[in-house]
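Here is a short briefing for a first look.

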Amino acid sequence: MLQASRPSPLNLRTRLAASIPSVGLWLLGALVWGAVMALSCLLAMWILHWTPYAHRDQLLLLFLGGGMLGWLTAVPVTRFFSLDRPVETRFAAGFLFLSVGTVAFTAFLFAMQYRSFYAQWHAPFGTRIWAFQFVFTSASAVFQFCVLGLRLFLPFGLLFLVAASLLLARHNR
């Protein structure tokens with residue numbers, strides 16, 4: 001009985017080489033994705049009637065930076081894992097890695113800003129107490145971001161995520 005021949009799986013070196021995006025897609029996409037995430041934050045604050053005027057610009061910069069770093073990381077990882085796969089798999093990989101990367105980097109930037117504020121009351125750098133304070137302050141900041149900050153990605157961030165995932169699925173053939 002004849003079996004359909006499947007293409008040979010790509011080796012690691014070929015996958016890594018193919019996962020490098022074009023400079024335009026990577027850098028321009030990062031700027032656009034960061035701006036879109038900041039816009040999502042702004043629109044969510046408007047919908048929620050939540051107007052922290054004193055911190056609005058800082059929040060927008062936080063979401064801009066998190067979106068940019070998320071895109072810069074997610075695009076090569078998406079291309080690596082979805083290379084030579086069907087369009088549904090490419091869409092799912094883009095959706096997963098872009099959402100996780102964007103949220104993780106935004107939470108990380110929030111945690112570092114939070115940590116820098118509380119650092120004035122922490123023990124000297126490098127001590128055991130400092131390490132505990134660093135870990136628990138950062139963990140509490142990430143928790144606080146998950147409780148209060150994730151809603152600023154919704155509902156528009158989800159729509160933008162679907163559109164970006166479709167774009168990546170079409171582009172990563």
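Rings of Phe, Tyr and Trp, the last by its six-membered ring, count as a pair if their centres lie within 6.5 Å. By that rule, the structure holds 16 aromatic pairs. The model is predicted.

**Aromatic pairs**
- Tyrosine 118 pairs with tryptophan 121, with ring centres 5.9 Å apart. Their planes stand at 50°, so this pair is tilted; planes under 30 degrees apart would count as stacked and over 60 as edge-to-face.
- Tyrosine 118 is partly exposed, at 32% relative accessibility. Tryptophan 121 is exposed, at 55%.
- Phenylalanine 125 and tryptophan 130 make an edge-to-face pair. Their centres are 4.8 Å apart, and the angle between the planes is 70°.
- Phenylalanine 125 is exposed, with a relative accessible area of 71%. Tryptophan 130 is buried, at 18%.

**Ring cluster**
- Ring pairs join Phe63, Phe110, Tyr114, Phe117, Tyr118, Trp121, Phe145 and Phe153 into a cluster.

**Charge over a ring**
- Arginine 15 places its charged end over the ring of phenylalanine 80. The distance to the ring centre is 5.8 Å.

**Helices H2 and H3**
- Two packed helices are described by the angle and the distance between their axes.
- Helix H2 spans residues 23-47, and helix H3 spans residues 56-82. Their axes come within 7 Å and cross at roughly 140°.
- H2 and H3 are therefore oblique to each other; an angle over 145 degrees would count as roughly antiparallel.
- The crossing of H2 and H3 is right-handed.
- The contact of H2 with H3 involves 21 nonpolar, three polar and two charged residues.

Note on methods: Residues numbered from 1 in each chain as written. Predicted model: local features only at pLDDT ≥ 70, side-chain atom pairs only at ≥ 80, totals over all residues. Heavy atoms only, no water. Buried < 20%, exposed > 50% of the residue type's maximum accessible area, 1.4 Å probe, protein only. Lys NZ or Arg CZ within 6 Å of the ring centre and 35° of its normal. Axes fitted to C-alpha atoms, helices over the stretch in contact; angles between N-to-C directions. Helix = DSSP H or I, 4+ residues; strand = E, 2+ residues; numbered from the N terminus. Parallel < 35°, antiparallel > 145°, perpendicular 65-115°, else oblique. Left-handed = near helix turned anticlockwise from the far one by under 90°. Nonpolar A, V, L, I, M, F, W, Y, C, P; charged D, E, K, R; others polar.
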